[in-house]
Amino acid sequence: MNIKTKRVVTVLNEKGLGAIQASEYYSKTASIKSIEAVVYDVLGNEIKKIKRKDFRDQSAVSGSTLFSDDRIIYLNYTPIQYPFTVIFESELETSNTAFIPQWYPVADYFVSIEKSILNVSYPPDLGFKKMESNFYNFKIKKTIDTPSQLSYTAANIPAQKEEDYSPSFNSIFPKVMMGLELFHLENVDGTAKTWEAFGKWYSDKILTGTTELPEETKAKMKALVGDEKDPIKKAKLIYDYVQKKSRYVNISIGIGGWKPMLAGDVDRLGYGDCKALTNYTKALLNAVDVPSYNTILYGNPRKKDIEKDFVSMQGNHMILSIPNGDNYVWLECTSQDTPFGYQGTFTDDRNVLIMKPSGGEIVHTKIYEDKGNTQVSKGNYTIAENGDFSGKISIVSEGSQYNRKADVENMQPTDKELHYKEYWDNINNLKLEKITFTNDKEKIRFTENAGINAINYGSISANKMMFVLNAYNQFSGNIKRIRNRINPLEIQRGFVDTDEIEVKLPVGFNIEFLPAGFELDSKFGAYKTEIVKKDASNLIYKRTLFIKKGIYSNKEYDEYRLFIEQISRNDNAKIILTKNQ
């Protein structure tokens, strides 16, 4: 495959520097045949010509990557004036045809497209295929479509603003996916005519021979599960073993980007990437007669599906699926902390590709329903005569809210303190007392217990004191006003928060004003507060907030903004006390 790129980009200010995109990746199987850039000033005068030797060249990966032969060469240009124009040209040659670049005529927000052209030439016998998405409302023409050529032109597309709560870029802007039914990947010929055929190829050509283990390890696994017959209970024991024994590192060398390293090597070394650790767990389960399947998906808190109507090499992550009746138990094998069978927000609610020996199969992962994503807070606080605050709170999180909270336990002390000061940023002068955690991985329930103090929470003026009743869980969903919104509104995940807080008022004060209870029902969810007066100095503050996931039209955005504003306003409701004379 030969890829020629030419980009002409005019940068108006420093925020547009990222739109230049003058870079190429290369490796042992992908070589850069040519690369250069020329910079022009606002009048079209040449400022600088940049040859290959003047580009930066470095490893394409960092962080937890153990080793990789992927590298990137990129333009590192510091402008001397704005606006300026860059003409970037490159040519790349690769023996891999499993991944044909997708065409995004609109590549980013805040970039206007004067013209974008895609030209593709291919032999007719390789089964070239394409899938167009999101072409509506964009000026795109298909100019050639023959058995050996394809061409598109997009013209005069104004810059698009990034709008809060929009669906993912990938799902609203135009793109063309391309692939081959007969492809080549690191000296291995592949087929992608159907998901069944693709999965069988992957199992036969990529995974075969990767799950062999030493006899000693197999015997150890059999001893570990003992007389247990239930496959899920056996899998739980094996998963715990993997979490304690191994750690995640990225490996991207040769076919290592797609083929797992040998299970025997993971067993010996104790590390691997997502493919290696998934495959290793599968090998250990094989040793105790528990079937499981490598599963490919897009791992990201922003949900993204494998395109089920376009058979091709897709995804960026691998997990393990274990059949359990009509369903599957999903294992995230890169984590040393994730509870058995818990997916969290990185792999939940999306189409994935299960690689069975008989072939590939598209399946949807677990959906965490809105009303199961709960946070239940119970606690109390006391306001002293000088307005100081002292209280205790217990917060129990489940469903997708568990995912949001469980990492707090492993934070460094300074990061932990910062986390809670941001969480309770409505309490000035916050001082954290003892914080303890209970992480119930059986019930997948995370509990935080905290003691809190703060000076001057109650604002005193003359003989009056005023403070916000909802101290522990004010909803901070600040929704911007967006005039003439274009994109739909998406709430990716729903949840339910329930609070019950006992409030002890200061001695020597009477209630002058007590906020009324408030109730709100909407297509986006529901909200309710209730304030129960037990006696002259003791109140109970009750609150429930329910947000529904869903995709709503751009016209409904203002309704949602007003819904959240009403919640925020009532979360900030104040009580007024008068001091006894």
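Colleague: What makes up the fold, in helices and strands?

Modeller: The protein chain has 10 helices and 37 strands. Its C-alpha trace spans about 90 × 80 × 40 Å along the principal axes.

Colleague: How do you know how far to trust the prediction, going by pLDDT?

Modeller: The mean pLDDT is 92. Of the residues, 97% reach 70 or more. One stretch needs care: over residues 252–256 the pLDDT is below 50. That stretch still has 17 contacts in the model beyond near neighbours in sequence. Where pLDDT is low, the predicted coordinates should not be read in detail.

Colleague: Why is Tyr 527 called buried?

Modeller: Buried means under 20% relative accessible area. Tyr 527 has 2% relative accessibility, so Tyr 527 counts as buried. The residue lies in strand S34, residues 525–535.

Colleague: Which residues does Tyr 527 touch, beyond those up to four places away in sequence?

Modeller: Among them are Phe 518, Leu 520, Tyr 541, Arg 543 and Ile 567. Asn 570 and Asp 571 are also in contact with Tyr 527. Arg 350 sits elsewhere: its C-alpha is 29 Å from that of Tyr 527, and the two are 177 residues apart in sequence.

Colleague: Why is Gln 21 called partly exposed?

Modeller: Under 20% would be buried, and over 50% would be exposed. Gln 21 has 37% relative accessibility, which lies in between, so Gln 21 counts as partly exposed. Gln 21 is found in the loop between strand S1 (2–11) and strand S2 (23–26).

Colleague: What makes the phi of Gln 21 worth a remark?

Modeller: Most residues other than glycine have a negative phi. Gln 21 is not a glycine, yet its phi is positive, near 50 degrees. Asn 156 also has a positive phi, about 55 degrees, although it is not a glycine. Asn 156 is found in strand S12, residues 149–157.

Colleague: Where does a glycine with a positive phi follow a helix?

Modeller: Gly 209 follows H2, and its phi is near 85 degrees. Helix H2 covers residues 195–207. Its buried residues include Trp 195, Phe 198, Trp 201, Tyr 202 and Leu 207.

Colleague: How do you know which peptide bond to call cis, and what is its omega?

Modeller: Look at the bond from Tyr 82 to Pro 83. Its omega is near -10 degrees, and the bond is cis. Most peptide bonds are trans. Pro 83 is found in the loop between strand S7 (71–74) and strand S8 (84–94).

Colleague: What makes a set of residues a nonpolar core?

Modeller: The residues must be buried, of the listed nonpolar kinds, and joined through side-chain atoms within 4.5 Å. The largest such core has 54 residues. Tyr 381, Phe 389, Trp 424, Phe 467 and Leu 469 have the most contacts inside it. Helix H10, residues 557–571, gives the most to this core, with 5 residues. A second, separate core has 42 residues, including Val 106, Ile 206, Ile 306 and Leu 353.

Colleague: Which residues is Leu 469 in contact with, leaving aside neighbours within four places in sequence?

Modeller: Among them are Tyr 381, Val 503, Leu 514, Ile 531 and Ile 575.

Colleague: How many of the chain's contacts with a separation of 6 or more join residues 24 or more positions apart, as a percentage?

Modeller: The share is 71%.

Technical notes
Residues numbered from 1 in each chain as written. Heavy atoms only, no water. Helix = DSSP H or I, 4+ residues; strand = E, 2+ residues; numbered from the N terminus. Contact = heavy atoms within 4.5 Å. pLDDT = per-residue confidence, 0-100. Buried < 20%, exposed > 50% of the residue type's maximum accessible area, 1.4 Å probe, protein only.
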